[in-house]
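I opened this model to look at its helices, its core and its pockets. My notes follow the order in which I looked things up.

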Amino acid sequence: MTVELNPNETNRALAYKLWLRAPNPMVTFFKTLDVTNLIRVSKRTGLKFNMLLCWCIGKAAASVKEFYLLPVGDKLMQYDSLAVNTIVKNRLGEVSSCDILFSDDLKAFDCEYRMYTSQTAESGQDRDLSADCMVIGTSAIVDTELDGAVGMNSGIYNNPFLIWGRYRKKLFRFVLPISFQFHHVQMDGAHAGRFLESLQREIQDLR
């Protein structure tokens, strides 16, 4: 369920006033994650690394209430569910967008991830849940290692967005630099920092 809020009746009132019409209301953080445990779990279980990371992103975001808010046009919307978007290479050799409803149940999320990414790859049609869920965008550029990436400010797509490349080996660990872009009306830097710390914990705690 999606509800329009009166911004003045929320704790984002000042941020809404200051940042909604700012020339660039998007903020980008960079963080290097230790993904050693994620790789171990992937190899042990046969679950895809990208799916596991998307699930950890959803799990970490679910603990930060600001993720359930989003400025859409001039409105501040509140959602009761989250989805994680992934980019899929389709049968035409192009890319398509696929939204996966987040579930706290890893097996259920993996089932939907495999089913809908396969359907999207075959059909070449985007799967869009943005009318019903607050969608967290992701893009994995696995063709190269990235030190960082900054997304665009379109004024239309205000959703939080994470970008990463290939993970790399550092001594006896594996690390993954990521970028996290968010709209300043939706959250402040403290919320974003808490999310990134929670994401690292979810990766470490995955079994």
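**Entry 1: the model.** I am working from a predicted model. I read every value below with that in mind.

**Entry 2: helix α3.** I began with α3, which runs over residues 49-62 and has 14 residues. I checked its span from the first C-alpha to the last. The helix reaches 20 Å, close to the 20 Å expected at 1.5 Å a residue.

Next I asked how many residues of α3 are buried. The count is 12 of the 14, so α3 is largely enclosed by the rest of the structure. I listed the buried residues: F49, N50, M51, L52, L53, C54, W55, C56, I57, G58, A60 and A61.

I then looked up what L52 touches, leaving aside neighbours within four places in sequence. The contacts of L52 are L38, V41, S42, L47, L106 and L206. I also took a distance to E112, which is 60 residues from L52 along the chain. The two C-alpha atoms are separated by 13 Å.

**Entry 3: the cores.** Which residues touch the most other members of the largest nonpolar core? I found L38, L53, F67, L162, F180, F195 and L199, out of 47 residues in that core. Helix α3 gives the most to this core, with 10 residues.

Not counting residues up to four places away in sequence, F67 touches A61, L82, M134, I136, P160, F180, Q186, M187 and F195.

**Entry 4: the largest pocket.** I read a volume of about 420 Å³ for the largest pocket. Its lining has 18 residues, and T86, I87, V88, K89 and A140 lie nearest the centre. Elements giving two or more residues to this lining are β5 (82-89), β6 (95-101), α4 (106-123) and β7 (134-140). The most comes from β5, with four residues. By class, I noted eight nonpolar, seven polar and three charged residues in this lining.

**Entry 5: the second largest pocket.** Here the volume is about 340 Å³. I counted 19 lining residues, with D128, S130, V135, Y157 and N159 nearest the centre. Two or more residues come from β3 (69-72) and likewise from β6. The largest share is from β3, at three residues. The lining divides into nine nonpolar, six polar and four charged residues.

**Entry 6: L171.** Last, I looked at backbone angles. L171 has a positive phi of about 55 degrees although it is not a glycine. Where does L171 lie? I placed L171 in the loop between β9 (168-170) and β10 (173-183). Is L171 buried or exposed? L171 is exposed, with a relative accessible area of 76%.

Key
Residues are numbered from 1 along each chain as its sequence is written. This is a predicted model: local features need pLDDT of at least 70, side-chain atom pairs count only at pLDDT 80 or more; totals for chains, interfaces and linings use all residues. Side-chain values use heavy atoms; hydrogens and water are left out. The expected span of a helix is 1.5 Å times one less than its number of residues. Buried means under 20% relative accessible area, exposed over 50%, partly exposed in between (1.4 Å probe, protein chains only). On a 1 Å grid over the protein atoms alone, a cavity is a set of points where a 1.4 Å probe fits but cannot get out, and a pocket is an open set with protein on both sides within 12 Å along at least five of seven lines; lining residues have an atom within 4 Å of a point. Grid points are joined across faces, edges and corners, and a volume is the space filled by probe spheres set on the points. Ala, Val, Leu, Ile, Met, Phe, Trp, Tyr, Cys and Pro count as nonpolar, Asp, Glu, Lys and Arg as charged, and the others, Gly among them, as polar. A nonpolar core is a set of buried Ala, Val, Leu, Ile, Met, Phe, Trp, Tyr and Cys residues joined through side-chain atoms within 4.5 Å. Contact means heavy atoms within 4.5 Å.
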